[in-house]
Structure formats: structure tokens, C-alpha cells
Amino acid sequence: MTDAMLTVEHVDKSFPVAHGLGAMFRTLAWQQIPRRQVLFDVNLRVARGELFGLLGPNGAGKSTLVKLLATLTVPDRGRMTLDGIDVEREPIKAKSRIGLCTGDERSFYFRLTARQNMEFFGALMGLSGKFLQKRIDECVELVDLREHLDTRFGGFSSGMRVRLTMARALLADPAIMFLDEPTRAVDPVHATELRALIRRDLVERAGKTVILATNLLDEAWELCDRVAVVNHGRIVAMGPPRELDVELGAVVRYRVTVDEVDEEMLHRTRDVPGFRDLRVVRTEKGVDLHVEMEPRDGGLGALMRAVSWNGTTLRDFRPIEAGPLDIFRKVTLDDDNER
Amino acid sequence: MTTSVSRPPSSGLAAGLAKVGAIFRRDVIVALSYPGNFALAWLGIVIEVVVAWYISRLIPPSRSFDPTGVVAVGFFQYLAVNQAFVRFQTAALNSFAESIRDAQLTGTLEIVLSTPTQLPTLILSSAVWSFTYTILQTAVYLAIAVAFGLDLSHVNYLTTAVFLILTVGAVSPLGVLAASLAMVIKKTGPVEFLSTASASLFGGVYLPLNRLPVALQAIGWLLPITHALNGFRAAAAGIPLSGVASDAIWLVVASLILMPVSLWIFAKSVGRARVDGTLSMY
């Protein structure tokens, strides 16, 4: 991965715990204001044309990282480059490469129509005249808002507002896009269309680099070339989703179908080394035991013995593939346990 | 993702002016979208003139109200010109800070700052509409005041125009400083209080500066609005620019010193908000 579009090297970030006039006076009096560290030694390298996901629980530091890259906040330590441009030293140049979709539906003027908003932000991006009008038409078409272009933004639903945020991020045809929860509050149909827009149109056709911060595991797994799982300000796992599936092998799940169950069988199943969870579902064919366990040597054998201890007939046995949720749980829980 | 229409240059003077125009247009649309508020502002001007006229009838003419100090003129002549033009300081002190405050409240500040727009362009453009609106309000105020007896028959238009430009140049840095404060403390209340109090008491809006104790006169002398009002009163009395050259020079010097300083402080306050992660806080 030599052609890096984005690099983040040893970035730390903290925020003061107090703000406003009081904090200003304390600063003027040379008093140190305590700070809370939110990012710890973050390192990233994203290739040109890559769709890179930032995944993590609320408050993990995803949005802070996006804001750092969009020059909206500055790191305590470390260096970041966009398209070879040092974000701190040449912020204006860096900004001209960026399309930012914050997911904050307040980021428009409510008294202006969608078109007037787009004209305003387009002008600040350096666009004007017919070119700007053409871009507005194209971008709102992509997010299915053409019919609402002359509606006041204040009259938009939450989902429409988020979609317009995406259209605005596309206006200047940026080389790299930062999408912070772009499908939040969007209905399922438009969310699917937005995902297709991101993957198919932006990345595969236009060759853009996209950084997608999301809480939605399936979205990250479906769209991203690589994913970084962020927890407590640290990147705790990084790689292509399929590789994370295999490498982390977070949990294994089995569905065991038997004729009947009793308390002793369930008790023995729960005693299997690495046991995590058990769900019993009665079906027409018998009883399905959905067992979730850590992948340990001998674990499967122990499970087999537990469910057949009194000669119960095993009708079916199927391993269930680990999903994004398992990976996410695994890496965030492991990280939490290490603290 | 591409269009057949060629992309205009995204930097340079034309692009900069396009950004100023876009900010001006936004502010006009927002202002006109509140028709009730807009109409009441004009009604307020009428009331202001009427109140000034009634108060003036209680105060006898005095030479203190004459720019040259030679003849006794009515208080209305003094007060009306001051009230009409002190709006420029109020506009400056409020508009820059309010622009930042509105952007914090509407959540647009971060996204605006994420565009490749220079900070001076952003902050200075935010008052273009406000100053334009103030010129219109001042003109209307004066027109109504003339109906109530204000004598503008001797106006020196060159002096007026020059002082208009110099006033905007000298009071704008104060507005930028107010915006810097709003960026940090997230409130504009202290700024509004200071603007009204300082102009009313030390700026000579309601009473001539030479009637104040010497210490307060010194404070008044330091304020740009004092020199601006001196110039406007002189212009209304038909005094040529050379007659108020010292006030004009004071305003030029103040502009040249304060403007870069205020822009530097504003950049620092934005930098501080970026470091603290408080751009979107309100």
C-alpha cells in the first residue's frame, strides 16, 4: 500500500474538562485545566480509492478522529497527511480535498431552501455559476432530493437532512470523503441506496477514498475494504472484514438439533469450557440449541458429549459463521478486560 | 461524478468575492425570512426619532452641541446625528459576534470551517449585510428626523462618505474581537452590554464629551465611535474633511492597528476552540 491517500501517525488527542469564561480566566492565570484523553497513539494508513471503516461503540473516538482529519480539531501529538498534504501545516489546501458528511442534521440553515443552502456551501467550496448549479443538480439527484430542492431545509425530515448532508459533501467532487454515520436516521430504502452510492459510485466508479465512521456493524462489513475497530480511543483491531472474521475468530456458534432436552443436559452444556450463551428454540423437527462459545481445543467434543450424555439423538448439527457482531464484541470486550 | 461545464477557479479574487457574495446573500435571505422582525426594526426607528425629538424639547440649545462650538444649536440636531450613526458601532459589535453565535447554535460553524475559506473572509463577510442594512436604517432615520426638524441642508457629502468608510473600518475590529470572545465563552451578552454602555456614556451619543470629567473624556477619546460621531456631526454641519482631519487620521490609524490585531486574535480564538474541541459547542 504505497500510494497512501491518508496517513495518521502516533496521534494523541485530549480535551479539557472545563470550558467557557471560567476556563478562560484559569488559563489566563496560568492554571492547568485537566484534560481527558480520547485518542491514544492512533496510526492509520488508507490507500487511494479505499473504503475504510471506523467502527466502535459510542464515545470510542471515531468522530474525534474524523474531526481531526477534517481539520476541525488538532492533535496533541502526531502527524496527519491527506493526499500528501500535512493537515496541520496546510489546512486550506487539505480542506480543498475533503468532503465532510457529519451526520449532524443541524449543519444547514433552516430558513434557506435546500438549493440556497447548497449554493452557499458550494460558493464556500470555491464553486460558482453554471458549474455550481450543475453540481447541485447532480448531487441532489444522487440522494433522491431533486424534487425537494426548493423546499426550506427546516421542512425536511431527519432522513432528508442527512441525505442532503451527503449531497453537500459531494459538491466539490472531493478526492477523499469523511462520512460520519451517513445513514443515521435514513429510512431503509434510502439507506440501501446511500450504501450503493458510497460503494459503487464513489469508490468503485469515481475512485474516491472514503472514511466511513459508523456504529452499524453490518454496514461496515458490507461496504468497507478494511475496518478499524476503535475502543476507548485506541484502534484495537484492523483489517479487511473477512480477515478479521477468521483471524479474530471471536466466538463460534453451533446449532444443535435434538429430540428433547432436560435440565441436566442444559446444565452440562453450560459447563462446557468456553461456554458463552445458550438459546433453546422448539421447532416442528425437535429442539434447536443455539450455543455460543469461545473457540477452545476440545470445546466442540465437550459440547457433543454434553448434549448426548443420556443417549439423546442428535438430529442435526451445524456450525454458524461468526458475524461482525461477534468480532466487535470480541475485540471491544477483550480490550475492556485488559483495562 | 463529473460535469460537462468547466469548473471555475477555486481561489483568487473572484472566488473570494463569490464567497463574500454568498455570505451576504445568505444573511439577506435569513433576515427577510423573519418579516415581522424586519418590519418591527423599521418601526423602532420611527419611535427612536420621536423619543429623541421629545427629549430635545426639554433641553435648551447650546454651543456644546455645535461641532465648531461657535453657535448655539438645538439638542435634536446633536442627538439625531449621533443616534443615526452610532448604529454602525452597534452593528459592528453585534453582527460579527452574532454571526459566530448563530453558527454555533445552528451547527453550521464546523462545516463552514471545513471549507477552504480563509478565516478573514469568513468573519469580515459576516458583517457585510449588517453594514448594508445599517446604511439603509441610518438613511431612513435621518429622513424621518428631517421631518421632525433636523437640518441637513449644509451636509458635506465627501466628509460623510469618508467617515462612513473610516467608521466601518475602525469599529469592525471591535466586532471581530467580540466575535473572538463569543468563540470562547459562547455568549454575546457582555459584548452587547459593553457596546451600548461605552457608546452611550463615553462616546458622546447623548451628551458632549467636554461635559464629562477629564478622566472619562480620556476614555471617550480612545473610542473610535467618538471620532466617528465628531466626523458625522461635522459633515452634517457642512464642515469639509480638512476640518475634522484629526478625527479622520485617528480612525485610519485605529483601523490599521486594530484590524490585523483583531484578525490575529480571532484566528487564535478559533485555534483555541479547535484545540479544545468546542467549535460546535454552544
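How many residues of chain A are in contact with chain B? I found 43 residues of chain A in contact with 39 residues of chain B, where contact is C-beta atoms, placed from the backbone, within 7 Å.

Ground rules before going on. This is a predicted model, so to speak of local features I need pLDDT of at least 70, and side-chain atom pairs count only at pLDDT 80 or more, while totals for chains, interfaces and linings use all residues. Residues are numbered from 1 along each chain as its sequence is written, and chains are lettered from A and ligands numbered from 1 in the order in which they are written.

Helices (H or I, at least four residues) and strands (E, at least two) are DSSP runs, numbered from the N terminus.

I traced an open sheet of 6 strands in chain A, ordered β6-β7-β8-β3-β9-β10, with mixed pairing; strands pair if DSSP finds at least two bridges between them. β6 and β10 (234–239) of chain A sit at the edges, each pairing on one side only. Neighbouring strands are turned by 15 degrees against each other on average, direction ignored. Axes are lines fitted to C-alpha atoms (for helices, over the stretch in contact), and angles run from 0 to 180 degrees between N-to-C directions.

Next I checked what packs on the sheet. Helix α2 (residues 62–69) of chain A touches β3 (51–55), β7 (176–180), β8 (209–214) and β9 of chain A, with its direction at about 150 degrees to that of β8(A). Helix α7 (residues 188–205) of chain A touches β3, β7 and β8 of chain A, at about 155 degrees to β8(A).

**Entry: β3(A)**

Is β3(A) mostly covered or open? Covered: 5 of its 5 residues are buried, buried being 20 or more other C-beta atoms within 10 Å of a residue's own, again placed from the backbone. A:Leu51, A:Gly53 and A:Leu55 are on one side, A:Phe52 and A:Leu54 on the other. β3(A) pairs parallel with β8(A) over 5 bridges, and A:Leu51 has A:Val210 as its bridge partner there. With β9(A) β3(A) also runs parallel, joined by 4 bridges; A:Leu54 partners A:Ala228.

**Entry: β9(A) and β10(A)**

Strand β9 (residues 226–231) of chain A pairs antiparallel with β10(A) over 5 bridges. I noted A:Val230 opposite A:Ile235.

**Entry: a helix pair**

Helices α10 (residues 263–270) and α11 (residues 299–307) of chain A pack at about 170 degrees, axes 8 Å apart. So α10(A) is roughly antiparallel to α11(A), a label for angles over 145 degrees. A:Met265, A:Arg268 and A:Thr269 meet A:Leu303, A:Ala306 and A:Val307.

Definitions and conventions: Contact = placed C-beta atoms within 7 Å. Parallel < 35°, antiparallel > 145°, perpendicular 65-115°, else oblique. Buried ≥ 20, exposed ≤ 12 C-beta atoms within 10 Å, placed from the backbone.
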